[in-house]
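I opened the model to look up the metal site and the ring contacts. My entries follow.

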Amino acid sequence: MFYRDPEQIYRVSELDAFPWLIHGFGTRLADIPAQFAQLATLKQIHSSSCVAAEGRSGILGEGDALLENSPGGVVAVKTADCIPVLLVDERLRAVAAIHAGWRGTAARIVERAVEAMRERFGTRAEDLHAAIGPGIGKCCYEVGPEVAAQFGEQGRAHIDLTAANWRQLEEIGVTPSRIYASNLCTMCRAEEFHSFRRDHEAAGRLHSFVGIR
Ligand SMILES: [Zn+2]
């Protein structure tokens, strides 16, 4: 279950059970990068490319999912309407942070990230927890016919990116009871979240992070 902690960061109570894990979804009320000396990010390009952080910090090239299993490593994605997804391998203590907008979702980036964790760390889908953070909701995400067609809709339509990512996680074998969704709309909740669709070029970015102590 998602809740907002006293530092104004959203967390998932089920993930709080792991003492080795660091995780959170930032709001516009919390400056995340200042909390971590070691933070790895990517130049995000709306792709399905996955990059292994391997204990490094800073901007580690281009891509939209960062994997990590090094103690001390924290990986993050930046969003403003796109969907942030955090993966946690409970058995191997490995994690991933994913940026899933419509392009990444259509390219099935969460599945690609699970596969990349399997190849690199030996992750099994049944050991994963997945947290789908705040992003633009179906309420506000009306798209044109070209984008709608990517999600099996005709004409202009409202797209539910959280549901699409949830389905992909289930399809690759993540246990439904271990998938947590905030269902918080970044466009509706202006006091808490940045939204590109609402604020255009003036929009800031939310940091969603996951790491290993
Ligand atoms: Zn909304």
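**Zinc site**

I looked up the geometry first: the four donor atoms around the zinc ion subtend angles of 103 to 117 degrees, so the arrangement is tetrahedral (four donors with all angles between 85 and 135 degrees). I note that this is a predicted model, where local features need pLDDT of at least 70, side-chain atom pairs count only at pLDDT 80 or more, and totals for chains, interfaces and linings use all residues. Residues are numbered from 1 along each chain as its sequence is written, and side-chain values use heavy atoms, with hydrogens and water left out.

I then listed the donors (N, O and S atoms within 2.8 Å of the metal, or 3.2 Å for Na, K and Ca; water is not among the atoms, so sites may look incomplete). They are the SG atoms of C139, C140, C185 and C188, at 2.2 to 2.3 Å. Their spacing along the chain reads C-C-x44-C-x2-C. C140 sits in the loop between β11 (128–132) and β12 (142–143), and C185 in the loop between β14 (179–181) and α5 (196–199), so this pair ties together parts 45 residues apart in sequence. Helices (H or I, at least four residues) and strands (E, at least two) are DSSP runs, numbered from the N terminus. I found both C140 and C185 buried (under 20% relative accessible area, 1.4 Å probe, protein chains only).

**Aromatic pairs**

I found four aromatic pairs in the structure (Phe, Tyr or Trp rings, six-membered for Trp, with centres within 6.5 Å). F2 lies in strand β1 (residues 2–4) and F25 in strand β3 (residues 21–25), so the pair ties together parts 23 residues apart in sequence. F2 is buried at 14% relative accessible area, and F25 is buried at 1%.

Methods
Tetrahedral: all angles 85-135°; square planar, octahedral: opposite > 155°, others 65-115°. Buried < 20%, exposed > 50% of the residue type's maximum accessible area, 1.4 Å probe, protein only. Phe/Tyr/Trp six-rings, centres within 6.5 Å; stacked < 30°, edge-to-face > 60°.
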